[in-house]
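Visitor: I'd like to learn how to read a structure like this one. Could you walk me through it?

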Amino acid sequence: FFFQAEDGIRDIGVTGVQTCALPIYDGMKSWSVQNGMLCNVLKVDREGNFTEHGTDLLTEEKFKDFVIRYEYQVAPKSNSGLYLRGRHEIQILDDAKSGKPANGGNGAIYNLQAPSLFVSRKAGQWQTVEARIVGQKITVLLNGVKVHDGVVSPKGTGGQLDDQVDQPGPILLQGDHGAVAFRNIRIRKLD
């Protein structure tokens, strides 16, 4: 799988999901590339609840200050996230029915700050994110709306790889809580 960098498309270590990506939690090998999308697929029961845990993926390349743009789609009742530097989670959640922002809601900087506005789309619809991290400040646009502006994140937000928040780290795609698909992942280094 390729990330598109500002200076061109390059492989940063997620190609051939089963061999180059590094699953970090015990669980099934749940990721695959399907029709140009990176997909985490998990089994569900008759009520639509996930019956198994998948794995998380992280890039081999590490990043410090950068802008990342990506699109994602969640299944009903799904919960996922994208970690900046492997430490700061931008929550991905099927929460369209709630109609209100929350610390653990879609687009939240998990466990730190809820989005300023509720702009979640329904499960099955593509959502867009542009996130910028410089030092300890995070800015996030969700579905074209700025929902975080220079939020200071002095520590990991939960589930982080380590607590070295001032060091470069990988992009981590959370796959242990639910089904999610990513496409058009682009990153531009700022340092």
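Visitor: Over which residues does pLDDT stay under 50?

Guide: Start with confidence, since this is a predicted model. pLDDT stays under 50 over residues 1–26, and the model has 70 contacts beyond four places in sequence for that stretch. The protein chain as a whole averages a pLDDT of 85, with 85% of the residues scoring at least 70.

Visitor: How many helices and strands does the protein chain have?

Guide: One helix and 13 strands.

Visitor: What share of the residues is buried?

Guide: Buried residues account for 46% of the 191 in the protein chain. Also, among contacts between residues at least 6 apart in sequence, 63% join residues at least 24 apart.

Visitor: Now the rings. How many aromatic pairs are there?

Guide: Rings count as a pair if their centres lie within 6.5 Å. By this rule there are four aromatic pairs. One of them joins Tyr70 and Phe182, tilted at 55° between the planes and 6.0 Å centre to centre. Tyr70 lies in strand β6 and Phe182 in strand β13, 112 residues apart. Ring pairs also tie Trp31, Tyr70, Tyr72 and Phe182 into a cluster.

Visitor: Why are Tyr70 and Phe182 called buried?

Guide: The cut-off is under 20% relative accessible area. Tyr70 counts as buried because its value is 1%, and Phe182 because its value is 0%.

Visitor: Which ring does the charged end of Arg183 sit over?

Guide: That of Trp126, 3.8 Å from the ring's centre.

Terms used: Residues are numbered from 1 along each chain as its sequence is written. This is a predicted model: local features need pLDDT of at least 70, side-chain atom pairs count only at pLDDT 80 or more; totals for chains, interfaces and linings use all residues. Side-chain values use heavy atoms; hydrogens and water are left out. Rings of Phe, Tyr and Trp (its six-membered ring) pair if their centres lie within 6.5 Å; planes under 30 degrees apart count as stacked, over 60 as edge-to-face and the rest as tilted. Helices (H or I, at least four residues) and strands (E, at least two) are DSSP runs, numbered from the N terminus. Buried means under 20% relative accessible area, exposed over 50%, partly exposed in between (1.4 Å probe, protein chains only). A charge sits over a ring if NZ of Lys or CZ of Arg is within 6 Å of the ring centre and within 35 degrees of the ring normal. pLDDT is the predictor's confidence in each residue, from 0 to 100. Contact means heavy atoms within 4.5 Å.
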